[in-house]
Amino acid sequence: MLLASGTVDASGFALVERDAAGLGRAYAGQAAVTGPEAVSFNPAALPKRSAVSASLHLIRNDIQPEDAGEPAAVPTLYGASRGIGIGLYSTFGLATDYPEDWAGRYYALHSEIQTARAHLAGAYQAAPTLRLGAGVFAQAFEATLTSAYPLHGRDGRVEIEGKDVGLGWSLGGLWAPNPRLALGLAYSSAVHHDLDGRTRLPSGSVSSRVAVTTPETLSAGAKWDLRPDLSLLSGATWTRWSRLQALDVELADGQTLTEDHAWRDTWRLALGGEYRRGPWIWRLGTAWDQSPVSDAAHRSARLPDSDRVWLAGGLGYQDGSWALNLSYAHLWFGDRSGTHPAADYSGSADLVALGIARRW
């Protein structure tokens, strides 16, 4: 599986980039959209027809101070047939990198989280207007965190590495009371990881373990066809980031290294639309992402997170059974400060996605 890292394009270190067409509407209403990508958003929306899709998301982050943002590429691959689907994608990622001599080097230098998820799901027509879905997935998680350490008038280095594979599950429902309206509700479970690896200290290298639980999410979406050529989409996602209160690195020699986070649960709200003219589909969307960071004292230089606003647009082209999608989004981060270290943070992000799909 391909491991993908990103930065702060969704709340916390979540990655929502799983569908090129969805990016064009800021992922509004994704829980109510039928397609092979529904494996990752709402298994109840998996199509009855056979379909495959692939996409590549390119992320450029501007994080100040010290130009700490790292570019990332996030690929996805999906396939579905008769309501059964499989997907390969990433749901969490982080990449920030500071120079060796920056003022906050004792708190963070390089930080990277990479994940990959293999997801198998299926949908069932429970009633004429209701489909239900469920799935199971395996999630690979790798992390590398480094920082400086003051040592006799010079800087030493602390490096923490670990990896693990965990299991999770998903549920969903899709209700279409009439042909013009679809309402979706989806749940994705938390995944617990015990990251086994090594921690390198100025005094030597020891084996270590870090317990990390990636949060569960609950998403609702709506798709309303106002006219045959115009659709309105909206959605809301709740993420239980309060699971991440602290990061405790347990060393084999009995020591424990701790980073305090005290994160809170978050909401993501999105609104978008699609306009179809001939083979072309025009998309537009906006979203608001709430940050799990509650105050400056718990804002880490590894992830100087803040609320952010999305503005997205996209263009799709359909030729028979083939479809091409190109989308772009710009994200504005709110200015914010931190106390560990004392720093003012600002930034933005640009996302570009290209996708191709075929159905039979």
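The legends below describe an overall view and several close-ups of a predicted model.

Figure 1. The C-alpha trace spans about 70 × 35 × 30 Å along its principal axes. For 360 residues, a compact globule would have a radius of gyration near 21 Å, and the protein agrees with this at 21 Å. Of the 360 residues, 52% count as buried. Among contacts between residues at least 6 apart in sequence, 66% join residues at least 24 apart. The accessible surface comes to about 15,500 Å², and 60% of this belongs to carbon and sulfur atoms. The protein has 31 positive and 37 negative side chains, with the centres of the two sets 12 Å apart.

**Figure 2. The cis peptide bond between Q64 and P65.** Omega for this bond is about 15°. P65 lies in the loop that runs between β1 (51-64) and β2 (72-81).

**Figure 3. The cis peptide bond from H340 to P341.** Here omega is near 5°. P341 is placed in the loop between β19 (336-339) and β20 (342-359).

**Figure 4. A26, a residue with positive phi that is not a glycine.** The phi angle of A26 is about 60°. A26 is found in the loop between α1 (20-23) and α2 (38-41). With a relative accessible area of 0%, A26 is buried.

**Figure 5. A262, a residue with positive phi that is not a glycine.** Phi is about 50° at A262. The loop that holds A262 lies between β14 (256-260) and β15 (266-277).

**Figure 6. S203 in the loop between β9 (191-201) and β10 (204-214).** S203 counts as exposed, at 72% relative accessibility. S203 and G156 are 47 residues apart along the chain, and their C-alpha atoms are separated by 9.3 Å.

**Figure 7. The salt bridge between D155 and R105.** The structure holds 17 salt bridges. In the bridge of D155 with R105, the closest N and O atoms are 2.6 Å apart. The pair links distant parts of the chain, 50 residues apart: D155 is in strand β7 (residues 154-178), and R105 is in the loop between β4 (93-97) and β5 (110-127). D155 is partly exposed, with a relative accessible area of 33%, while R105 is buried at 19%.

**Figure 8. The salt bridge between E159 and R200.** The closest N and O atoms of this pair are 3.2 Å apart. Because E159 lies in strand β7 and R200 in strand β9, the bridge ties together parts that are 41 residues apart in sequence. E159 has a relative accessible area of 19% and is buried. R200 counts as partly exposed, at 33% relative accessibility.

**Figure 9. The salt bridge between R302 and E259.** The side chains meet at 2.9 Å, N to O. R302 is in the loop between β16 (280-289) and β17 (308-319), and E259 is in strand β14, so that the pair links distant parts of the chain, 43 residues apart. R302 counts as buried, at 6% relative accessibility. E259 counts as partly exposed, at 22%.

**Figure 10. A network of salt bridges.** The residues linked in this network are R25, E274, R276 and R283.

Note on methods:
Residues are numbered from 1 along each chain as its sequence is written. This is a predicted model: local features need pLDDT of at least 70, side-chain atom pairs count only at pLDDT 80 or more; totals for chains, interfaces and linings use all residues. Side-chain values use heavy atoms; hydrogens and water are left out. The radius of gyration is taken over C-alpha atoms; the globule rule is 2.2 Å times the number of residues to the power 0.38. Buried means under 20% relative accessible area, exposed over 50%, partly exposed in between (1.4 Å probe, protein chains only). Contact means heavy atoms within 4.5 Å. Accessible areas come from the Shrake-Rupley method with a 1.4 Å probe; for residues, only the protein chains shown count as cover. Lys and Arg count as positive and Asp and Glu as negative; His and the chain ends are not counted. The place of a charge is taken as NZ of Lys, CZ of Arg, CG of Asp or CD of Glu. Helices (H or I, at least four residues) and strands (E, at least two) are DSSP runs, numbered from the N terminus. A salt bridge is a side-chain nitrogen of Lys or Arg within 4 Å of a carboxyl oxygen of Asp or Glu.
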